[in-house]
Amino acid sequence: MAATSNIVVVFDFDKTIIDCDSDNWVVDELGATDVFNSLLPTMQWNTLMDRVMRELHAQGKTVDDIRKALTSVPIHPRVVPAIKTAHALGCDLKVVSDANLFFIETILEHLGIRECFSEIYTNPGLVDPQGRLRIRPFNSSPHGCTSPCPPNMCKGGVIEMLLSALPGKIFIYLGDGVGDYCPSLKLREEDHVLPRKDFPVWDLMSKTPMLVKAKIHEWTDGQELEEILTKTISKICSSFPDDRDISSQLISADCKLQTVSTSAAHEPLCHRPLPMHH
C-alpha cells in the first residue's frame with residue numbers, strides 16, 4: 001500500500017482554499033453590506049449569516065443568485081492543481097471550515113474538485129421549502145472549548161475525532177484563522193501544520209510555538225501552499241522505504257513548481273470592508 005494512503009490532508013476553506021471569506025463575499029456581492037453591518041453588534045456570526053440570508057430572500061434574491069456570486073470568488077491558480085495532485089497521489093483530503101456546506105460545495109463543484117474531498121465538516125447550509133438558504137451551527141450545543149473557537153464550531157473537536165477514527169494516519173493541517181489554532185494544538189509530533197503567514201493562526205503560533213507539537217511549515221500564497229504541501233507529502237513518503245518512487249515523483253514535481261513565476265501565477269487577495277471572520 002502506498003504511503004500516501006496513510007496521509008490525511010485537512011484544509012480550512014476561507015482564505016486557505018479560496019482567497020477571501022465566502023460569507024463576506026456573498027454579503028458584498030448581493031448588496032447586503034449595510035444590513036450585515038447593522039446587525040453585526042447584536043448577534044453571533046453564524047446566526048447573523050442565517051438572518052442575512054432571510055433578508056436577501058425577502059429582497060427577491062434567489063439561491064441561484066447566491067450560487068452565481070460564489071462562482072466568482074478569487075482563488076490562487078495553483079491551489080486547484082495542488083489539491084488535484086494530493087488527491088491523485090492517494091492522500092485522503094477533508095475540509096474543516098466555519099463557512100457552510102452550501103457555499104463550500106457550490107465553490108468546489110464549480111472548480112471541479114468536489115470529488116477530491118472525502119468529507120466536509122462545516123456548518124449545515126440547506127435550502128428550505130420556501131427556497132431560502134438556512135445556515136445552522138455545526139455545534140448545536142456549547143462545545144466548552146477553552147481555546148479561541150467561535151461558539152458554533154470547535155475545529156479541535158473535529159480533529160480529535162478524526163485522530164481517534166483514523167489511527168496510524170499522518171495528518172497535514174492547513175489553515176489561516178483563529179479557529180484553526182485549536183485543531184493545530186491537537187496534532188501530534190508526527191503530524192504537520194501549515195499556517196498561513198501573517199494571518200491570525202500564524203500570529204498565535206508565533207507567540208506560543210512550544211504548545212504546537214506538530215511540525216510547522218508556514219506559507220504565504222497559493223504557490224507556496226502547493227510547493228510546501230508537495231514537499232511535506234514527499235518528506236512523509238520518504239520515511240516509508242517502499243515508497244521511494246512516489247517521493248522521487250513528488251521531488252521532480254516540486255522542482256518544476258519552482259520554475260513558475262510567482263508574479264505570473266499570483267492573483268491579488270480579496271480585500272473586503274467587512275469584519276474578519278475566523
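Visitor: What volume does the second largest cavity have?
Guide: Rolling a probe the size of a water molecule over the atoms shows where empty space is left. Here a cavity is a set of points, on a 1 Å grid over the protein atoms alone, where a 1.4 Å probe fits but cannot get out. Its volume is the space filled by probe spheres set on the points, which are joined across faces, edges and corners. The second largest cavity has about 50 Å³, and there are four cavities of 30 Å³ or more. This is a predicted model: local features need pLDDT of at least 70, side-chain atom pairs pLDDT 80 or more, while totals for chains, interfaces and linings use all residues. Residues are numbered from 1 along each chain as its sequence is written, and side-chain values use heavy atoms, without hydrogens and water.

Visitor: Which residues line the second largest cavity?
Guide: Lining residues have an atom within 4 Å of a point. They are Met 53, Leu 56, His 57, Lys 61, Thr 62, Val 63, Ile 66, Gly 131, Arg 132 and Leu 133. H3 gives the largest share, three residues; H3 and H4 (63–70) each supply at least two. Helices are DSSP runs (H or I, at least four residues), numbered from the N terminus.

Visitor: How do the axes of H1 and H3 cross?
Guide: Axes are lines fitted to C-alpha atoms over the stretch in contact, with angles from 0 to 180 degrees between N-to-C directions. H1 (residues 22–29) and H3 (residues 45–58) come within 12 Å and cross at roughly 30 degrees. That makes H1 roughly parallel to H3 (under 35 degrees).

Terms used:
Parallel < 35°, antiparallel > 145°, perpendicular 65-115°, else oblique. 1 Å grid on protein atoms, 1.4 Å probe; cavity = no way out; pocket = protein on both sides within 12 Å on 5 of 7 lines; lining within 4 Å.
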